[in-house]
Amino acid sequence: MLQRMIVACLLIMAVGAAGQSPATPAAARSKFDAYEVATVRPVGADQPAGRMFKMEGEHRWVATNFTLKNLLALAYDLNPRTISGGPGWIESEHFNIEAIAPGDVRPTRLEQMRMLRALLVERFGLKFHRQEKEFSIYELTVAKGGPKLKPAANPDDPPEIIGVVYPGKIEVPAKSVTMDDFVAMLQRATLDRPTVNKTGLTGKYDFNLVWAQDETQYGGEVPKAPEDASSPPLFAAVQEQLGLKLEATRGMVSAMVVDAVVKPEAS
């Protein structure tokens, strides 16, 4: 049960936007520049394991058991390795957040993240700058033989990419997802290094990716699949099922350097 919760939440973090109607008139939408009200509380020692974020209903956004570094990776679509600076507690202390979104409609994931970035500035006093740095990275490219991706059935819908862990495999159904969306999920919630989209693919796609996880994925929070798992490992699955390829290399990435941050008081 714990494994299922952790993986589902980590993958929902990647792009989830289920329930948002693409037909909502633009005039009816809030700008979603900031949450109307938010509480930030330190996590006690008795907090259950596993972190997650989600929309509860149309307006309530919750995040549980996040370090500030995890929140930065989530809000800015970063691999945690590309975040440096700041005091040691940004990686060691955990927080729960409950926030209320404005307006009459449910915010998309991108709108949720815009409001989270504003919250990080307001409540954590976040100041940072970006810097190009060289890292060990993965590049996502098109494999020999070409992509095996199906054009999205409903390309105007917000992207959805939700994963569930089963004994010996992780399944990730994706709808209306770009390659940038897919790479954002891989680098933020799945892989152990930054990942760059080099596919050249510009469309939106529907696909279902299934693989057997290993100990390098999800920050080690998800147990390795058994040796006799029927699903292929991630790199093989990406090539066999999607016609894409993940290659280890080195490259320049836009990294975040934290210049200043303050620990919020419980509210």
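Author: Helices here are DSSP runs of H or I with at least four residues, strands are runs of E with at least two, and both are numbered from the N terminus. By this criterion, the protein chain has six helices and 13 strands. This is a predicted model, in which local features need pLDDT of at least 70 and side-chain atom pairs count only at pLDDT 80 or more, while totals for chains, interfaces and linings use all residues. Residues are numbered from 1 along each chain as its sequence is written, and side-chain values use heavy atoms, with hydrogens and water left out.

Reader: How do you know what share of the protein chain counts as buried?

Author: Buried means under 20% relative accessible area, exposed means over 50%, and partly exposed lies in between (1.4 Å probe, protein chains only). Of the 267 residues, 49% count as buried.

Reader: What share of the contacts in the protein chain join residues at least 24 apart?

Author: A contact means heavy atoms within 4.5 Å. Among contacts between residues at least 6 apart in sequence, 80% join residues at least 24 apart.

Reader: What makes β4 and β11 edge strands?

Author: Two strands pair if DSSP finds at least two bridges between them. The open sheet of four strands has the order β4-β13-β6-β11, with mixed pairing. Strands β4 (83–85) and β11 (195–197) each pair on one side only, and they are the edge strands. Direction ignored, neighbouring strands of this sheet are turned by 35° against each other on average.

Reader: How do you know that β6 and β11 pair?

Author: Strand β6 (residues 127–142) and β11 are joined in the parallel sense over three bridges, and the criterion asks for at least two. L140 stands opposite N197 in β11.

Reader: Which strands does helix α6 touch, and what is its direction relative to β13?

Author: Helix α6 (residues 234–242) packs on the sheet and touches β6 and β13 (244–260). Axes are lines fitted to C-alpha atoms, for helices over the stretch in contact, with angles from 0 to 180 degrees between N-to-C directions. On that basis, the direction of α6 makes about 120° with that of β13.

Reader: How many bridges join β2 to β3, and in which sense do the strands run?

Author: Strands β2 (residues 52–56) and β3 (residues 60–67) run antiparallel and are joined by five bridges. M52 stands opposite T64 in β3. The two strands form a hairpin with three residues between them, and G57 in the turn has a positive phi of about 75°.

Reader: What lies 2.8 Å from a polar atom of the side chain of R106?

Author: The backbone oxygen of G57 lies at that distance. A polar contact is a pair of N or O atoms within 3.5 Å; within protein, one must be able to donate a hydrogen and the other to accept it, and residues adjacent in sequence count only if both atoms are side-chain atoms.

Reader: What makes R60 and E98 a salt bridge?

Author: Their closest N and O atoms are 3.0 Å apart, which is within the limit of 4 Å. R60 lies in strand β3 and E98 in strand β5, so the pair ties together parts that are 38 residues apart in sequence. R60 is partly exposed at 29% relative accessible area, and E98 is partly exposed at 37%.

Reader: Where does G219 lie, and why is it called buried or exposed?

Author: G219 lies in the loop between β12 (205–211) and α6. Its relative accessibility is 74%, so G219 counts as exposed.

How values were computed
A salt bridge is a side-chain nitrogen of Lys or Arg within 4 Å of a carboxyl oxygen of Asp or Glu.
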